[in-house]
Every structure is written in structure tokens, then in C-alpha cells.
Amino acid sequence: MTFYGMVPKEVRAQADRCANGAEQVSSLQQRLDGIVQGTSWTGPDRDDFLSTWTNHAAPGLARLEMLLTEQAGALRGEADEQDRVSGEETGDPLANLFEDAGDWLRDRAEDAGDWLRDRAGDVEKWFKDRVEDVEDWFRDRFHDTFGDASDPDRPWAEIFAQDIVDELVEGEKLDHPTEVEVLGSREITDSDAPESLEDLVLDNDESRRTIPGTEPPREYDPLDEAQIRIQTVTGADGVERYIVHVPPTQGAPLQEKVSVLGHETPIPDVDATLEGWNEQGQPFGWDNNLYAMAGKENAGANAVKEAMQEAGIPEGSEIAFVGHSQGGLVAAQLADDPSFNGGSYQVTDIFSVGSPVQTYTPANSDTDVLNIQHVEDGGNQGDFVPTLDLEGSSHAHPDGNPAPNVRDVSFGTPNPSDGYTPESDNHQAHNSVLWNEDGTAHDPDSAYYGTVRNNGDDPALAAKEERMQGKYFGEGTSMDEDVVVDVRRTP
């Protein structure tokens, strides 16, 4: 029996097409790089855009060029091997069949080449249009935020967030339901009472995942619900107080990406992203950041209030909020509301890590707000999230929020210990707690937990610890109850 393998001539033709495709990708990358590098847009957002292109999009195109080049070489090698093993046989019907198949493949490849050339032009035009759109959008936002001094005390970050929300809502892109429902509450049966500020950070971090030892047990679904943890504590003075842990951003991702032929591209798919935000039950989604920063009613703040009622916290009780990221922002917004802070409850303290809290000033001047933030240090990048509040700057206070009871304290981003690997540089700077790969142990010296643990002699941290000692944790206190309330956003 005669066996026929590949047709070497056709394989070499395909190799040539792969090589040609690699050249087209290289040319496209060079043209796009010229467009991106040549924009007149300046500022940190342009730097972030440029960094995304340089570190992610451009290397992706370079990898595609390399893969096509390698494929061309591999195909040529296989054609040479086929020649060596079996020679080129012709005149047989089966061989003719392979010839016909080769003709078909060649035609399809030529069609694909035409498509790629057309798409290259389309992509180049798309990038030019997007860069111009970004420049126009930021120019409009800059004018709206900094050009209107009708309310000089209103923080610029709040105006900026309000402008984005209004644009998305008016364009029927964003539908942010603010109503929430309580799914139930569970007792954490094997928890230990917090003894320090770093213990509070650790307890807050547990709200992001399935909490072991709850009764009844329940698997956590971050796309469909939030867990609000509430600890009931009796202080050394005999007064019952409450620690309310407000969780960080969770749920549908920050952005979906456009996929081409089943492969994800670096291009954001805005419609798919907003659809994910709109459909989720998670009240602390990415969209809730915008609403909380803009000072608008939002699902996250409503979830906290409903959870506190579900837990049976008596009216007028003293409350300490603990938050990470969006959790601190929502806590600061609630403390800014006189009907909540000074009305329903007395918020004595907010302790947050990685949170933008400066846009709000507590309605009660006795409320003490302390946020810890990581800054660039020793080659480690800083945490950009706490800077989103623009330090609470406004026309009346361009140097930042003047309230003496709202403070940010900065520390350099720590390095992870051996055996602990953050997901990215951003995560290294922003994580509240860094866990090992199987989630059984956490790094004692990195993330915000490590920063708080290793800097207890810092004056601001020491003062906060002393202020809360004997009331919410530490000597003379006891934890009477530790519950988690499950809350979801309703459409």
C-alpha cells in the first residue's frame, strides 16, 4: 500500500503565508506604537494608557509575530522531512486529492491574508479614533470638574465621579439598582476576639471568601451577594459596642476584553463590562465605587444599613467601621450622613486600608478616621486606589481635606515573604492580606496586614490602637457574638 502524507509544496506555501503574516503584524505594531507614543494627551491617565500599551498590548503583538515566525520555520522543516521520507509522488488519484486540498487551503489562506490586511487598516483607524475619543473625554471631564466653582467646598473627585455616572446613566449604559435584600445571617462559631488593629484587618479580609465555621454553613458567591461581618463586643467599661466590617470591591470584573477568534485582546469591551455590572447581585461591585465617590445613594451603603438592622444593633449604639478599599469609602460616606452618624448610630471610629476616604468629613466631629495607604518604595509601586479621592481637594481647599479627624498615613509597599506570591504589582500594593497558594496561611509581613503589624510604633497607628483598646478589642474586652449577614442587590 502506498501512503501519501502532506504535499510539501503546499506546506511551504503555507509557511510563506505565516512568515508574511508575521511581517504584517510587525508592521502593524510599529504603526500603532507611533500613534500611541505621538498623542498630545498628558497626565497620569496618559501614562497608565501608555504603560498598558507598552507592557501588555505591544508585547502581545510581538508574541504573535514570534509564533507566526516559529510556525513558518516548523512548517518548512516538516516539508523537508516529508521530502526525505517519501519523496513527492504525483499521478495517483489520492495524490491528486491532496493537490486539490492544497489548492483549497491556498485559496483560504489568501482570503485570510486579504482579511488580515483589511483588519490591520481597521485596527489602526480604531486606535486613532479611540485615542482622540480619550483626549476629548478627558478634556470635557477636566472642564466639568475644575471649571465649575459654584460649590467651592465640593471635592473634585466627587464632581468627577458624578459626571461619569450621569454620562453612563443618561446613555442608558449603567443601571445601578440600590435596593438590597437580606438573605439571612450566620454565626461564626470558632472565631477569636480581635486583639489589635492587624487582627481587624484579618477579620475584614475574611468577608471576601467563604468563611469556615459558620452556622449554618454556606458557600459564598461573590457575584451574587456580599458578606457583612458584625462583631458584638463588651468593653472594659461594660458598654456594648459593635465592629462593622465593610467589604471591598467584588463581583463582575473591572473590564471585559474584546475576543477575536476565541483569543482575548487588550481592547476593553465596554458594553460587556457594563452588562456584567448591571446584572450582578453583588452590592459592592465596581460600579458602586462610582456611586459612593459621587455621594449618591448606592447598594453598598444600603447593604451595610440593612445588615446592621438584621444584626439587631440598637439605635444610638457606638460603632467602629473597618474597611478595605471600597469598604472604607462606603464607611466614610455613611459617617458623613448626619441621619446615620449622630442619628441612628454613633460612629466613633473608622479604620481602613487602601481606601479613598478624603472626599468625606464625618457628621460627628468626634468620629476619628484613619486610612493606611502604600506608596512607592524600593522599586515597589504604590497603591493607586487611595489616591482616587484626590486627597479631598476642592476649590475652597485645593490642598486637600482640612478636617483634622480624617487622616491618611503612608508607608512603603512591603515585599512579600518567601513562599507568598502576589498576583501582580498592583495586588502587592493593594492586598489587605496576602495568602499562600492554597489559602491555608497568610504572610505576616506583607500586604496591609504586614504594614499595620510591623509599624505599631508609628504615632498615628499607636494613637488609633490606644483609642480603640479597651473598647473594641484588647485587655478587658470580650466578644459576645460574631455574625455574618448575607445581603444581595435586587434588580
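This is a predicted model: local features need pLDDT of at least 70, side-chain atom pairs count only at pLDDT 80 or more; totals for chains, interfaces and linings use all residues.
Residues are numbered from 1 along each chain as its sequence is written, and side-chain values use heavy atoms, with hydrogens and water left out.

Colouring strand β4, residues 240–246, shows where tyrosine 242 lies (strands are DSSP runs of E of at least two residues, helices runs of H or I of at least four, numbered from the N terminus). Now display the residues that tyrosine 242 touches beyond four places in sequence, among them Ile230, Thr232, Pro314, Ala320 and Tyr472 (contact means heavy atoms within 4.5 Å). Proline 314 is 72 residues away from tyrosine 242 in sequence, with 10.0 Å between their C-alpha atoms.

Next select valine 244, whose contacts, leaving aside neighbours within four places in sequence, include Ile228, Val304, Met308 and Phe321. Valine 244 is also among the residues with the most contacts inside the largest nonpolar core, which has 40 residues, as are Ile230, Val304, Met308 and Phe321 (such a core is a set of buried Ala, Val, Leu, Ile, Met, Phe, Trp, Tyr and Cys residues joined through side-chain atoms within 4.5 Å). A second, separate core of 23 residues can then be picked out through Leu197, Ala320, Val433 and Met468, which it includes.

Conventions
Buried means under 20% relative accessible area, exposed over 50%, partly exposed in between (1.4 Å probe, protein chains only).
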